[in-house]
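Colleague: Could you take one part of this model and walk me through it closely, residue by residue where that helps?

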Amino acid sequence: MGTPAEEGGGGKVMLINEGAFKDIDFAMMVHPWGHNDLEPVVLGIDRCVVEYHGKAAHASCGPWEGVNALDAAVAVYQNVAMYRQQMKPNWRVHGIIVNGGAKPNIIPDLTVSNYYIRAQTQTDLACLKERILSIFSAAAKATGCTMKVEWEPNPYAGMMHSSTMSQLYKKFSAADDVVFPDQVPSFSGSTDMGNVSLEVPSIHPGFFIGKPFMIHTRDFEKLAGSPEAQKYTLVAAKSMALTCVELFTKPEVRDQARKEFEEKKKLFAG
């Protein structure tokens, strides 16, 4: 099934909403990576745009007449930074100020910031989102600004791996001498495959393609297009195909995967 807009736009989320997975029993995909990772930590993500509206004034002649929207944006940035000490290990918040004002001698009456909020489970994501919203509101109250927050459509869920399926994938990969280390660096990225994993039992292993480069870098881009990387890709594709065969031919494995899915979802999705 072709699913465009994986990392932005939520192609799979739209397909889910249109019923594309209603007659699907299992789903899987793999992602090239700097090492083999059977069940990578994939975080859910909610994205937003935050605007603060104040009142412009001359920054030297009459700053007391202004309401500084940049103060609000900076307060959010600093308070998010301070809150990171209390965040759980798999929580992430990152943001930038897109528009911080027009000129230094004008008290800014508008600022625009973009924030990404990530956590592994839906329960944690909702908790983190509530806390970040309180930071947004506190900045508006402290500076006297008004606030507008717009959330992007199609938020991503974290990945809920089917261990039943991933162990099959591991078994078939091992036949081609693929080794999955017990401990690997946390992936901690996001993908709309997470949403699929809350609809049907799913897996999303990461596979090594020859060198331990970080994804989304120039070095990784060059490596992914090289002949060297293709042999690893073929092994990953073969392992997925054989996992499908086992699911097709063994009803007891299908039943086990579905039972695991239902039990995990109660904790994962809240």
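Modeller: This is a predicted model, and the part I would look at is helix H3, in which Asp124, Leu125, Leu128, Ile132, Ile135, Phe136, Ala139 and Ala140 are buried. Viewed down the axis of H3, these buried residues fall within an arc of 150 degrees, so they line one face of the helix. On the other side of H3, Glu130 and Lys141 are exposed. As for what lies over the buried residues of H3, the cover includes strand E3 (44-53), helix H2 (69-83), strand E5 (92-99), strand E7 (110-119) and strand E8 (146-151).

The length of the helix can be checked as well: H3 runs over residues 122-143, and because each of its 22 residues is taken at 1.5 Å, the helix should span 32 Å, which agrees with the 32 Å between its end C-alpha atoms. After H3 comes Gly144, which has a positive phi, near 85 degrees.

With a relative accessible area of 35%, Asn105 is partly exposed, and, when its neighbours within four places in sequence are left aside, Asn105 is in contact with Ala57, His58 and Ala59. Between the C-alpha atoms of Asn105 and Pro155, which are 50 residues apart along the chain, the separation is 39 Å.

Methods: Residues are numbered from 1 along each chain as its sequence is written. This is a predicted model: local features need pLDDT of at least 70, side-chain atom pairs count only at pLDDT 80 or more; totals for chains, interfaces and linings use all residues. Side-chain values use heavy atoms; hydrogens and water are left out. Helices (H or I, at least four residues) and strands (E, at least two) are DSSP runs, numbered from the N terminus. The expected span of a helix is 1.5 Å times one less than its number of residues. Buried means under 20% relative accessible area, exposed over 50%, partly exposed in between (1.4 Å probe, protein chains only). The arc is that of the directions from the helix axis to the C-beta atoms. Contact means heavy atoms within 4.5 Å.
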